[in-house]
Amino acid sequence: MFTSSPPVVLGKNGQTRVLIVEDDRDQAEGLADLLESRGYPAAVVDTVAAAREAVDNFDPRVALIDLRLGDESGLDLVRELRESRPELLCVIVTAYADLDNTVRSVQCRVFDFLRKPLAPATLLACLDRCAEQISLRDAKREAEDALRRSTKQLEQFNCLAVGREQRIV
């Protein structure tokens, strides 16, 4: 790992944690500096194996993954992460943005596909969309949980009401 951040799920301003999987050290550190300056806690790794470990230890909500990681494939990592952590939003970042790579990325259900060199505004807009998606997903989960609790309470109330009716009759 090049850098790491303290183990918090949300950074200042409620921003989500981002894992950067990039084998170009200068690019990775530049991305981490940019993200951290905007309130996104970031961890940087340079291999697929290190990314697996970081996903467990850093618990990111978004992963920025280089398409080519030396001899390894960023898309192979995306496939693996989609299986093990389907809620993790994966964004492919590449200098090799041809049609085949774009199609393969879409087939892997990446959240976005960004072309290098990255414009800071483009990256930050993508992360804002990720944060919005995460927020909507979390709100949906909370609403479903509240509905389950209400349904359970209603069922308990109905059982009590039915029991009371039987005693009265």
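Where do Arg79 and Asp76 lie, and how many residues apart are they? Both sit in helix H3, three residues apart, about one turn of the helix. Helices (H or I, at least four residues) and strands (E, at least two) are DSSP runs, numbered from the N terminus. An α-helix has 3.6 residues a turn, so residues three or four places apart point the same way. The side chains of Arg79 and Asp76 form a salt bridge, with N and O 2.7 Å apart. A salt bridge is defined as a side-chain nitrogen of Lys or Arg within 4 Å of a carboxyl oxygen of Asp or Glu.

The model is predicted: local features need pLDDT of at least 70, side-chain atom pairs count only at pLDDT 80 or more, and totals for chains, interfaces and linings use all residues. Residues are numbered from 1 along each chain as its sequence is written, and side-chain values use heavy atoms, with hydrogens and water left out.

Arg79 is partly exposed at 39% relative accessibility. Asp76 is also partly exposed, at 46%. Other positions of H3 are buried: Gly74, Leu75, Leu77, Val78, Leu81 and Arg82. These residues lie on the same side of H3, because they cover an arc of only 150° around the axis. The arc is that of the directions from the helix axis to the C-beta atoms. At the start of H3, a side-chain oxygen of Ser73 comes to within 3.1 Å of the backbone nitrogen of Leu75.

The salt-bridge count is 12. One of these bridges joins Asp59 and Arg85, at 2.9 Å from N to O. This pair links distant parts of the chain, 26 residues apart. Asp59 is in the loop between helix H2 (48–58) and strand E3 (62–66). Arg85 is in the loop between helix H3 (74–84) and strand E6 (89–94). Asp59 is partly exposed at 31% relative accessibility, whereas Arg85 is buried at 14%.

A further bridge involves Lys116 and Asp66, whose closest N and O atoms are 3.3 Å apart. Lys116 lies in the loop between strand E7 (112–115) and helix H5 (120–168) and Asp66 in strand E3, so the pair ties together parts that are 50 residues apart in sequence. Both partners are buried: Lys116 has a relative accessible area of 16%, and Asp66 has 5%. Salt bridges that share partners join Glu22, Asp66 and Lys116 into one network. Beyond four places in sequence, Asp66 touches Val21, Glu22, Asp23, Gly74, Val93, Thr94 and Lys116. Contact here means heavy atoms within 4.5 Å.

Strand E3 is largely enclosed by the rest of the structure, because five of its five residues are buried. Both faces are covered. Val62, Leu64 and Asp66 are on one side, with Ala63 and Ile65 on the other. E3 pairs in the parallel sense with E1 over four bridges. Pairing requires at least two bridges found by DSSP between two strands. Ile20 stands opposite Leu64 in this arrangement. E3 also pairs in the parallel sense with E6, over five bridges. There, Leu64 stands opposite Val91.

Strand E1 (residues 18–21) contains Val18. Val18 is buried, at 0% relative accessibility. Val18 and Val62 are 44 residues apart in sequence, yet their C-alpha atoms are 4.8 Å apart in space. Contacts of Val18 beyond four places in sequence include Leu35, Tyr40, Phe58, Pro60, Leu64 and Leu127.

E1 and E2 pair in the parallel sense over four bridges. Val44 in E2 is the bridge partner of Ile20. The chain crosses from E1 through helix H1 (residues 25–37) to E2, in a right-handed β-α-β crossover. A crossover is right-handed if, with the strands pointing away from the viewer, the path from the first strand over the helix to the second runs clockwise. In E2 (residues 42–45), Ala42 and Val44 point one way and Ala43 and Val45 the other. All four residues are buried.

Methods: Buried means under 20% relative accessible area, exposed over 50%, partly exposed in between (1.4 Å probe, protein chains only). A polar contact is a pair of N or O atoms within 3.5 Å; within protein, one must be able to donate a hydrogen and the other to accept it, and residues adjacent in sequence count only if both atoms are side-chain atoms.
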